[in-house]
Amino acid sequence: MRKYKVGILGATGTVGQKFVSLLKDHPWFEIKVLAASKRSKDKKYREILEQKTVDNINQFDKHILDMKILDVINDAQKIANSVDFVFCAVNMSKKDTKELEELYAKLECPVISNNSANRQVPDVPMIIPEINPEHTEIIPVQQKRLNTKRGFIAVKSNCSIQCYVPALHVLKNYGLKSVLVCTYQAISGAGRDFKTWPDMIDNIIPYINGEEEKSEQEPLKIWGKICDNKIINADLPNITSQCLRVPVTDGHTAAVFVTLEQKIHINQIINLWNNYVPEIQKLNLPSSPEKFLTYYHEEDMPQIKSAREIYNGMGITIGRLRSDSQYDMKFVSMSHNTVRGAAGGAILLAELLCAKNYIS
Ligand SMILES: NC(=O)c1ccc[n+]([C@@H]2O[C@H](COP(=O)([O-])OP(=O)(O)OC[C@H]3O[C@@H](n4cnc5c(N)ncnc54)[C@H](OP(=O)(O)O)[C@@H]3O)[C@@H](O)[C@H]2O)c1
């Protein structure tokens, strides 16, 4: 099978590096272009990683380390001509990112994005493939607006919501009414590690810019419906959140409280989680986890260190489900933020788009 040629915009960043490592030996995709800011242009990938003192550089293939970086803006036409689609993980202002992604779409190069800039545009699908794969159907509407034949933008959601929305999704048939969630987010979510952010050692920062708004709003688009050529957000549940940065390298945890419209027994919920088979499972996508949701009965699970790599970092783990005195129930859930929450989630989305022939 001919592989799809792929470009990575923002290849030198935390998420970009994760894309490169997850795409190694990918059965459908091969990296043809690595691109970043003009600061990195014409430098070899190896040189940039060495400058950034990235550990474990030799995990990357030699031909990747020898690739010269292109400039995401000034080389856009050249990049669009040489790939079938791009993954986008640049760290630019919202306005510049939005323009950049539209530029590639208009150059007839589909964009699968990690960025938030286009997430609330009503004809841009924001997809967690196991939850709302049908939102791909909005793509022709977007192509009409952009006046493109091949080009479009599809986005994945914010990393924080991917650690608790999957668990809530399975309860949707019982009427999700109100949700309170506190997230405990890893430092790689800010593109940092302990070398570049020593202040995070032995520390918690009770603020992540823009994260609470995203945590409360994005699930409503994920659960929205396509109507009158746009995605209309769901009305419920009402979600309130607090998002904290904690001294963890990778893995976002959520403490979740939820009230449902209908009553359901706790044991029934655990069965629903453990037996949930998403519709996309039958497509056999290469990055699809064997099991989407895993419930732990041990009281002290899921823990970051032992559970974040489950199913290559693509699984969601849940534990501590019990009744609550103010909400119906509470639980804890967790996922790997740079895999499921970023590069891995975007690769799975690209696989879905290829399987459904949106990317030819
Ligand atoms: N980290 C996560 O877990 C996570 C999860 C979900 C979504 N995201 C989102 O993904 C995006 C990237 O995050 P990150 O953590 O990987 O950031 P990062 O480590 O700071 O990497 C940023 C990338 O963007 C490039 N860049 C920066 N300024 C640019 C400019 N003016 N023009 C062109 N390229 C520029 C950088 O290139 P140079 O090396 O040349 O500067 C680098 O390749 C962000 O929007 C972030 O919110 C991150």
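Where does Pro302 lie? Pro302 is in the loop between strand 12 (293-296) and helix 10 (304-307). Helices here are DSSP runs of H or I with at least four residues, strands are runs of E with at least two, and both are numbered from the N terminus. I will come back to that proline.

First, some ground rules. This is a predicted model, in which local features need pLDDT of at least 70 and side-chain atom pairs count only at pLDDT 80 or more, while totals for chains, interfaces and linings use all residues. Residue numbers start from 1 along each chain as its sequence is written.

Now the overall layout. The protein chain is divided into domain 1 (4-158 + 342-355) and domain 2 (160-335), with bounds that come from an automatic or database domain assignment. Their C-alpha centres lie 24 Å apart. Domain 1 puts 33 residues into the contact and domain 2 puts in 29; two residues are in contact if their C-beta atoms, placed from the backbone, lie within 7 Å. On the domain 1 side, helix 12 supplies the largest share, seven residues. By class, that side has 15 nonpolar, 13 polar and five charged residues. Ala, Val, Leu, Ile, Met, Phe, Trp, Tyr, Cys and Pro count as nonpolar, Asp, Glu, Lys and Arg as charged, and the others, Gly among them, as polar.

Next, the ligand. Which residues come nearest to the ligand? Of the 26 residues around it, they are Gly13, Ala36, Ser37, Asn91 and Gly191. A residue counts as near if its C-beta atom, placed from the backbone, lies within 6 Å of the molecule. Helix 1 (14-23) and helix 12 (339-355) are the elements that give two or more residues to this shell, and helix 1 has the largest share, three residues. The shell has nine nonpolar, 16 polar and one charged residues. Both domain 1 and domain 2 give residues to the shell, so the ligand lies between them.

The two helices also meet each other. The axes of helix 1 and helix 12 come within 9 Å and cross at roughly 50°; each axis is a line fitted to C-alpha atoms over the stretch in contact, and angles run from 0 to 180 degrees between N-to-C directions. That makes helix 1 oblique to helix 12, since angles under 35 degrees count as roughly parallel, over 145 as roughly antiparallel, 65 to 115 as roughly perpendicular and the rest as oblique. Helix 1 brings Val15, Lys18, Phe19 and Leu22 to the contact, and helix 12 brings Val339, Ala342, Ala343, Gly344 and Ile347. Seven of these residues are nonpolar, one is polar and one is charged.

Last, the backbone. Most residues other than glycine have a negative phi, and most peptide bonds are trans. Back to the proline: Met301 and Pro302 are joined by a cis peptide bond, with omega about 5°. The bond from Leu236 to Pro237 is also cis, with omega near 5°. Asp25, not a glycine, has a positive phi of about 60°, and sits in the loop between helix 1 and strand 2 (29-36).
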